[in-house]
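Subject: Structure for your review

Dear colleague,

I am handing over the structure that we spoke about, and below it you will find my notes on what I found. Please read them with the model open beside you.

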Amino acid sequence: MGDPKEAGAEAPPAGAAARGGLSLLSQGESEEPSAQGSALFLGGNEVKSRAVVKYSSAPPRTAFARLEEKTDLKLPPANWLRESAKLGPAGTTILGNSKKSKPFSSFGMAYEFIDSVGNDVDVVSDSENIKKLLKIPYSKSHVSMAVHRIGRTLLLDELDIQELFMRSSQTGDWTWLKEFYQRLIDQKWQRKKKSKEHWYQKAILSKFLYYSINGDGAAQPVPSAAERQEPSSSDQTGDSEGASWPAPFEMPSSVSEDPSASSQGSEPLEPSYIVGHVASAPKEQNLTTLFNDGENSQGLKNDFVRNILWTFEDIHMLVGSNMPIFGGGRYPAVSLRLRDNNKPINVLTGIDYWLDNLICNVPELVMCFHVNGIVQKYEMIKTEEIPNLENSNFSTKVIKDIAQNILSFLKSNCTKEGHTYWLFKASGSDIVKLYDLTTLCEETEDKYQNPFTMPVAILLYKVACNMMMKKNQNKKHYGTIRTLLLNCVKLLDKSRHPQIIASANYMLSELFQLDEPKKEESSESPLNENSDESYSEEEEEMPDSDENGSYGTNSDPSDDNKAVAIIKSVGELSVPEKYKSIHQIRPSCAFPVCHDTEERCRLVLSYVLEGLKSVDNSIKKESDLPAADPSTPIPLKYEDESTRGGHEGLEKQMALFLDKMGSLQKGNYSSQSGMIPGSWQHKMKLQLILKSSKAYYVLSDAAMSLQKYGRALRYIKLALQSHDTYCCLCTNMLSEVLLFLSQYLTLCGDIQLMLAQNANNRAAHLEEFNYQTKEDQEILHSLHRESSCQGFAWATDLSTDLESQLSVSCKCYEAANEILQFSDLKSQNPEHYVQVLKRMGNIRNEIGVFYMNQAAALQSERIGSKSVSAAEQQLWKKSFSSFEKGIHNFESIEDATNAALLLCNTGRLMRICAQAHCGASDEFKREFSPEEGLYYNKAVDYYLKALRSLGTRDIHPAVWDSVNWELSTTYFTMATLQQDYAPLSRKAQEQIEKEVSEAMLKSLKYCDVDSASARQPLCQYRAATIHHRLASMYHSCLRNQVGDEHLRKQHRVLADLHYSKAVTLFQLLKDAPCELLRVQLERVAFAEFQMTSQNSNVGKLKTLSGALEIMVRTEHAFQLIRKELVEELDQPKSGETAPAADSSPSLNQEEVLKLLSIFESRLLFLLLQSIKLLSSTKKKTSSNIEEDVVLKTNKQVYSQLLRATANKNASLLERIDVIILLLGQLGHGGGGVSGGAG
């Protein structure tokens, strides 16, 4: 008999094809009118009611057979309790003969329609429970219901105290509740047996319904045997098919290990509800829940004929109903009722009929009246007329108020998710009490004695899973999902349900977005908008009260300390808005705002660790493993591997690593713990390990940005150890995971480079690197169950050797690049690929510079040795090779600026090579060697390549200027060396002069004197020096040259031109007075040399005047020298420090003395010559007033200067003061200027 009832009870989700040949909605059961949400006007009061059938297992409706008068319902019909095509597979359930509602009926519905739970629906329950609640103010009978809260949804189930305590007497399961009940509520509790009348009424109703579907065979007799069976079958309906309570969690461990084992006739709970492999929820991978047939015996199956989404006013309910619905009458659907004609309809019956019809959207009620089982008559009543029936008058508005008040009362007080609340009203009492059974149960020895714990936990889990699947809105619900999962974990016993706990912890870790570390604030903002969706599990239980004080304490203190809330009188429920739900909005459920990345990652790792513990504890082979203490750090012998063979050792480890990466593509599995590939433990551990590696990566990145490089290396080491374990367990490596590895290695390379560049803080970095939290140790312990975690030891060693650190950094980038080559990752992730190549180029530049500096250091130490050592040449090769590879990296990603910088560095290397060869020759016989020329020309080539790489200055002005300056310097150095150490043994003087001139002019070309920049004074000094050197060279040529007058004239013009340009530029500089003085003195010497070749006095006088004019113009240089001298003399008095600390280049007093002496002698010579010439001219020609003034001034200056030079005791400053004074006199007195220049 049980089979037909169960056949159609398992409902598919709405929209899916129904199982067992059932249609979801038959044509006769169409819900179109209700789907439009039409309001029904009932009993003169407007009550809005809308019903939508979500699922139905009933067959197409058949018209009911109207029984003839005098039909005896005490006689069973021929089809009684038999299957029929008209009934369909749902069997007798349709006719109301099913066993009473199971204790977990609401959970069965909630599992079926998981989308509605926690979000859209306020209440999920059997329609019988809804009716019982709404009749509370009218009824004296007792009410006992279990209430659970999931999100904003309340699940209501009948809590049959009679059944519970009967069970308690047999098994001792619910003794704590029985004791509590007897102590506080009913001290003389005893089982109340159902009357004979109850079973009689039940039997004739069943027969009446069978008669009604069997119009043709209504009068057929039945065998007497069936009659004799009647009492037993009705007894069976009442007792043996009563509520099927699951065993509480007192199973032996062996039972929970084996899914197929059964205990006391019911399936064990643990594997029945275990959730299958949960992959990354936002990506919607396999977020499924596997339930087996164990549900059936646990009452967790949706066995209602139909599930209806009923909206009553503003209350949304998911209701299960088994009410038989027939066709016939004036409407497509009617409900059929049997009434005793001697008993008038009372209010309770009226409400019952009215609510049933509203819930099922049935517009008409057909009542069959009987007297002692003999049919009398039929009567048809419209649903909206039921509230106005005689003796059954009730206000629909009051029913609406009752519904709203009860819902508000429950929502306000059933605040803790996962707790089982008990709504209880004793028979005949007006007081309704609400108890928190979970809190009461926790006071007993075994908190898992509450049989609701497991179904509630499963439902919390399923609702959370469902919300995670909806990726378009799940961020908004993160606060709710987190609350659901935390409460789920809190309810479960870790040893009995490792899979759910591992899966829930994994989902908790998935709530925190690790892949957006930089957008932390923006990602948090929407998470706090869902405060009305749920509430926090940490919330304190608050005494609730509204304006009327309806939730106040009861006068009886014995009730106060146990009841969560009390309704003092059921009459209050009829008062409109008496109870307002003040707990629908709960801001404390908001997703926790992590103020920094580390806090967020630490939360993630705490959940990952819990998940890993669950997985590890569930692996049976654990006893085979060597025991390890999670609190003891595992000694890791990384140092041995890294120091084994220096650079070659690193190369070998890289080769092994790349071999391993290649084999991963084929999928090699090697777990040490004995996990079976494909098992839930294997899949879950993979996901958790991957999550931990991501969290450690983000932690490392955050530490890196805080410049905590030791800490960053520790975290990236843990990330790579996690990844190494993942590789050992993984049977099929995803490209996404390979990309993560490439990113980890890239970051590891960055950290090693930063450690190399911050060597001065090494002790602090080492201390941070060696520190480990207990959590990290435990996670590492879990990783070591599967793998040695040594795969990346070469990359994560903290070396004290700079070269080794740079080399490791480079290998990390190379490995990251190799991984991108394995699959199509390079083209899929172009940005990351470009970043890796940039870093490779950069580290190769760093290594190149490192070797170049080492070579330069060796060169500076080589004093006695003449030739270039082999070690130097080796360093040059290493440096050059690094630069070349780096240039190739940057060119492959078209990074012109960085390529130019590396070309510039290569040019610098060539100059160092040239300098090395310069020091190799004898200083006395020193000549500019061919090797120097070769390397300088190579340097020039690299600088020119750098400029070509840049193209124009606009691309990167700073780099462009820097390359130009280096190129100018190279040409200048080359020209200077050729000029100072002329290779006369190999080349002719003219050839050398030509090459020097070309090199100097090229140096000038790349020396930008006009652009205002920090380098401008340097450029001006360089240009001035070049002009000075060229002028000196042409001056020298002129002195040594004989013959070709045209060439002599050309050299004279060029010398004069370059001298004047040199003076102009030196005058712009404030810190080169000696250079300016020297140039001017050379100009005077040039004038003197010209004078020697002149024959006429006029020509000589003109040249002398020009020379004296140059002398007068040196006053500016002397003023600058005087200023610096005064500053140097003042400094020791004012400050204790050494004098030349602040003055830019300190004044070379020896050089000043030397130049001053030359200046004095030349001035005396020029003045004397001028006086002689002017005197002789005066004798020959008539007097010229102007010439007289000049002569007089020159004589005065000459005599003063002669006296001053004769004074050997005069200080440098005094001598300079005299010169400045005399130059001033010469300037004002015309000092030959106008006389000669005319």
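Both faces of strand β10 are covered, with V334, L336, L338 and D340 buried on one side and S335, R337 and R339 buried on the other; buried here means under 20% relative accessible area, exposed means over 50%, and partly exposed lies in between, computed with a 1.4 Å probe on protein chains only. Because seven of the seven residues of β10 (residues 334-340) are buried, the strand is largely enclosed by the rest of the structure. In a regular strand the side chains alternate between the two faces of the sheet. Helices (H or I, at least four residues) and strands (E, at least two) are DSSP runs, numbered from the N terminus.

Before going further, please note that this is a predicted model, in which local features need pLDDT of at least 70 and side-chain atom pairs count only at pLDDT 80 or more, while totals for chains, interfaces and linings use all residues. Residues are numbered from 1 along each chain as its sequence is written, and side-chain values use heavy atoms, with hydrogens and water left out.

The sheet around β10

Strand β10 belongs to an open sheet of four strands in the order β9-β10-β11-β12, with mixed pairing, where two strands pair if DSSP finds at least two bridges between them. The edge strands are β9 and β12, each of which pairs on one side only. Strand β9 (residues 325-326) runs antiparallel to β10 and is joined to it by two bridges: F326 has V334 as its bridge partner, and I325 has S335. On the pairing with strand β11 (residues 364-371), seven bridges join the two strands, which run parallel, and L338 of β10 has C368 as its bridge partner in β11. Between these two strands the chain passes through helix α11 (residues 347-360), and this β-α-β crossover is right-handed, in the sense that, with the strands pointing away from the viewer, the path from the first strand over the helix to the second runs clockwise.

Strand β5 and its partners

Six bridges join β5 to strand β13 (residues 420-425) in an antiparallel arrangement, with M145 standing opposite L423. Strand β6 (residues 153-158) also pairs with β5 in the antiparallel sense, over six bridges, and there I150 stands opposite T153. The hairpin of β5 and β6 has two residues between the strands, and in it G151 takes a positive phi near 65°.

T153 is also in contact with S116, as is V121, when neighbours of S116 within four places in sequence are left aside; contact means heavy atoms within 4.5 Å. S116 lies in the loop between α3 (105-112) and β4 (123-126), and it counts as buried because its relative accessibility is 7%.

Loops and a helix

Most residues other than glycine have a negative phi, and most peptide bonds are trans. Against that background, N391, in the loop between β12 (374-382) and α12 (396-413), has a positive phi near 70°. Q707 likewise has a positive phi, of about 65°, and sits in the loop between α22 (680-705) and α23 (709-729), where its 54% relative accessibility makes it count as exposed.

In helix α42 (residues 1212-1228), the buried residues include L1212, I1216, I1219, L1223 and L1226.

The protein chain has 43 helices and 15 strands, and 54% of its 1238 residues count as buried. Its mean pLDDT (the predictor's confidence in each residue, from 0 to 100) is 74, and 72% of its residues reach 70 or more. Confidence is lowest in helix α9 (residues 253-257), at a mean of 33, and highest in helix α30 (residues 870-892), at 92. Over residues 216-299 pLDDT stays under 50, and the model has 166 contacts beyond four places in sequence for them; over residues 621-626 pLDDT also stays under 50, with eight such contacts.

With kind regards
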